[in-house]
Amino acid sequence: MAGPGAVSPDLAWHTIFEPFRIKAVEPIPLLTRAQRESALEAAGHNLFKLPATAVTIDLLTDSGTGALSATQQAALLLGDESYAGGRSFQQFERVVQRLTGYPYVFPVHQGRAAERILARVDLKPGDLVVSNTLFDTTRANIEQAGAIGLDLPVSSSRVPSDRSPFKGDLNVDELVRLLTAQRPKFVILTITNNAAGGQPVSMANIAAVSACCHAVGIPMLLDAARFAENAWFVHEREPGWGDTSIPAIARAAFDLADGCLLSAKKDGISHIGGLFATRDPVLAEKFRNELILGEGFPTYGGLAGRDLSCIAVGLEEALDPDYLRYRARSVAYFAEGLQRAGIPVVEPPGGHAVFCDAGALLPHLSPDELPGQALAAALYLEGGVRGVEIGRLMFPHASLQLVRLALPRRVYTQSHVDYVIEVAERVARRAGDIPGYRIVEEPAFLRHFSAVMAVIPPTTPGHSASPPPAPSPAG
Ligand SMILES: *Cc1c(COP(=O)(O)O)cnc(C)c1O
């Protein structure tokens, strides 16, 4: 395999194919439409509550769903399960220190454990945390501590058709204005910006936010779940970075921050795990004490030794430019196909997923009729494709009504993607008939995970009547 920095020959003429061959396979569930209808009904119309055995192509998330490499499988066998100071921890610590430059490295069982610990040790009621866009569990953990999370995304992030290259950026003008009046506890830059469409954050923006924070003595942290995908976009899109290696670009981002939270289930290409790393000895000490209380001894932090080894290998594999080129191309290919199929998507496509603009596809539904949920349910019913709503169901005040179709890393091939595009085309053809949804039952927070929903019958007052369904070729 080509090492970091190496570039494939002859890129000019050939298809960017999967830079791996398949060594273990898993059958895919194939269901009838009637089976899908009853599965969705039984799940309260909530795709999170479907059993995986009822899903044909699972694009719910790219989190923890990647395929391990043979090298990672070997690392699992070599894992050292010593309670304290195991070899696997040393390997993990070495890789994370080399990647980030941060001396203090703490494994946790997944990213949100680091969020919860950080919120508990560093936030008081009324504190303010500013971000480009907080991830949903990050926001929930901040609010659970009584603090306030404030998103300051750039305005282009709110316009799905805007093709700006770095729509994940934080709005620095608004940050500067805010800092004259208030003192946030810290700023979290999410790279790539998941909630805003998997959009990258430019190195210029990371540097500007870092300078603003450090001028007034406020720490800046990276939520670095997709640090490698972000580095790839910087390499491809940002003037001045095209000749810098991917590991060096990633490192430049970490150098500008004071620490990072990282879910290893994304660019760690592992099934579980996460970490917190920092250069701040005081914060590290507070974190360590709380870690022992909930996660475990600091050299395993809620993980098995074998997981630490697997993550160490995955973090380095994610920086391979041949892998990242294929990864970005897969997402772009998927987005192009969906657009040809008549599905409006957020442009340009992000690093890990295509975000379909359900609000634009289903203008007959108001945002409160959950067009994102409606499109996600339709894709499932049509072809067993599972995506996730990112709109009013997930964030009750969301202005964009999106469905995210995330690509697990190294799992699906181009023909799987082609099938999903065919399913989407059939859904787009009868978009006008897709009904809205209402929420019947919901929990106190993170309601999208467990809400029960119901179809709004097309005869409900206020709901526009739709024409009879067009005949579809395959019945
Ligand atoms: C997934 C994710 C998290 C949370 O990590 P988990 O491992 O799922 O707990 C936090 N931030 C971002 C940007 C993420 O994508």
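Modeller: Happy to! Arg-410 is buried, because its relative accessible area is 14%, and buried means under 20%. Please keep in mind that this is a predicted model.

Let us start with where to find the residue. Arg-410 sits in the loop that runs between strand 12 (402-406) and helix 15 (414-429). Its backbone deserves a glance too: phi of Arg-410 is near 65°, which is a positive value in a residue other than glycine.

What does it reach? Another is the side chain of Gln-72, with which the side chain of Arg-410 makes a polar contact at 2.8 Å. If we leave out residues up to four places away in sequence, Arg-410 touches Phe-20, Ala-67, Leu-68, Ser-69, Gln-72, Ile-269, Glu-317, Tyr-323 and Tyr-326.

For comparison, here are two other loop residues. His-45 also has a positive phi, about 60°, although it is not a glycine. You will find His-45 in the loop between helix 1 (33-42) and strand 1 (57-58). With a relative accessible area of 11%, His-45 is buried. Pro-443 belongs to the loop between strand 13 (437-441) and strand 14 (452-455). At 29% relative accessibility, Pro-443 counts as partly exposed. Leaving aside neighbours within four places in sequence, Pro-443 is in contact with Ser-450 and Ala-451.

While we are on the backbone, look at two cis peptide bonds. One runs from Ile-191 to Thr-192, with omega near -20°, and Thr-192 has its place in the loop between strand 5 (186-190) and helix 7 (203-215). Another joins Glu-347 and Pro-348, with omega about -20°; Pro-348 lies in the loop between helix 12 (321-340) and strand 9 (353-357).

Next, the ligand. It is surrounded by 14 residues, and the closest are Arg-112, Asp-223, Arg-226, Ser-263 and Lys-266. By type, the shell divides into two nonpolar, six polar and six charged residues. Helix 4 (residues 111-122) gives the most to this shell, with three residues. You can trace some atom pairs here: a nitrogen atom of the ligand is 2.7 Å from an N or O atom in the side chain of Asp-223, while an oxygen atom of the ligand is 2.8 Å from an N or O atom in the side chain of Arg-226. Gln-110 has a polar side-chain atom 2.9 Å from an oxygen atom of the ligand. On its own the ligand has 370 Å² of accessible area, and the protein covers 98% of that.

Finally, zoom out to the whole chain. Its secondary structure comes to 15 helices and 14 strands. The C-alpha trace spans about 65 × 55 × 45 Å along its principal axes. A compact globule of 475 residues would have a radius of gyration near 23 Å, and the chain agrees with that, at 22 Å. Arg-410 is buried, and buried residues make up 57% of the 475 in the chain. Among contacts with a separation of 6 or more, 73% join residues 24 or more positions apart.

Definitions and conventions. Residues are numbered from 1 along each chain as its sequence is written. This is a predicted model: local features need pLDDT of at least 70, side-chain atom pairs count only at pLDDT 80 or more; totals for chains, interfaces and linings use all residues. Side-chain values use heavy atoms; hydrogens and water are left out. Helices (H or I, at least four residues) and strands (E, at least two) are DSSP runs, numbered from the N terminus. Buried means under 20% relative accessible area, exposed over 50%, partly exposed in between (1.4 Å probe, protein chains only). A polar contact is a pair of N or O atoms within 3.5 Å; within protein, one must be able to donate a hydrogen and the other to accept it, and residues adjacent in sequence count only if both atoms are side-chain atoms. Contact means heavy atoms within 4.5 Å. A residue is near a molecule or strand if one of its heavy atoms lies within 4 Å of it. Accessible areas come from the Shrake-Rupley method with a 1.4 Å probe; for residues, only the protein chains shown count as cover. Ala, Val, Leu, Ile, Met, Phe, Trp, Tyr, Cys and Pro count as nonpolar, Asp, Glu, Lys and Arg as charged, and the others, Gly among them, as polar. The radius of gyration is taken over C-alpha atoms; the globule rule is 2.2 Å times the number of residues to the power 0.38.
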